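Colleague: I have not seen this one before. Can you walk me through it?
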Amino acid sequence: MHCPKCESPFEEKKYGAGIQVHSCQGCGGILCKTKTLEKMRSEWMADLMLDRGDPNKGRELDKMVDINCPSCSNAMSRIFDEEQAHVFMELCESCDLIFLDAGELTDLSDFTLMEKLKNLLS
Ligand SMILES: [Zn+2]
Ligand SMILES: [Zn+2]
């Protein structure tokens, strides 16, 4: 499988209990199952370990539309996060795969952490 955005090969990365993602060696984008994304958002430090790409590059690549799924090559739909509407991700519904640009996981996780702290304080 190759990255749908920069066409570099993916490497497999694992973290914690049951988190397994494909990380692009070129742009640092992350391809994973939707369930894995939920896990990563709640796992402490997962974003630091897995989201190693350059966020500026990620923001640049985020402008790309018409992405095809690297697994089944169907068109991926652009979705945004319900809590953070500025974070766009690509989703393949048939494979249940989601692609995050570099920096986006960090963005999502930071928010989750902030929410947790707020809840603790209130
Ligand atoms: Zn890439
Ligand atoms: Zn697919």
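Modeller: What follows is a short tour of the metal sites in this predicted model.

Colleague: Which residues coordinate the zinc ion (ligand 1)?

Modeller: Cys3, Cys6, Cys24 and Cys27 do, each through SG, at 2.2 to 2.3 Å. Along the sequence these donor residues are spaced C-x2-C-x17-C-x2-C.

Colleague: And what is the geometry of that site?

Modeller: The site of the zinc ion (ligand 1) is tetrahedral, with angles of 96 to 118° among the four donor atoms. For reference, the ideal angle for four tetrahedral donors is 109.5 degrees.

Colleague: Is Cys27 buried or exposed?

Modeller: Cys27 counts as buried because its relative accessibility is 2%, and the cut-off for buried is under 20%. Cys24 is buried as well.

Colleague: Now the other one. What are the protein donors of the zinc ion (ligand 2)?

Modeller: They are the SG atoms of Cys69, Cys72, Cys92 and Cys95, lying 2.2 to 2.3 Å from the ion. The spacing of these donors is C-x2-C-x19-C-x2-C. Cys69 sits in the loop between α3 (55-61) and β4 (77-80) and Cys92 in strand β5 (residues 88-92), so this pair ties together parts 23 residues apart in sequence.

Colleague: Why is the arrangement around the zinc ion (ligand 2) called tetrahedral?

Modeller: Because its four donor atoms subtend angles of 106 to 115°.

Colleague: Where do Cys69 and Cys92 stand, buried or exposed?

Modeller: Both Cys69 and Cys92 are buried. Cys72, at 27% relative accessibility, counts as partly exposed.

Conventions:
Residues numbered from 1 in each chain as written. Chains lettered and ligands numbered in written order. Predicted model: local features only at pLDDT ≥ 70, side-chain atom pairs only at ≥ 80, totals over all residues. Heavy atoms only, no water. Donors = N, O, S within 2.8 Å, 3.2 Å for Na, K, Ca; no water. Tetrahedral: all angles 85-135°; square planar, octahedral: opposite > 155°, others 65-115°. Buried < 20%, exposed > 50% of the residue type's maximum accessible area, 1.4 Å probe, protein only. Helix = DSSP H or I, 4+ residues; strand = E, 2+ residues; numbered from the N terminus.
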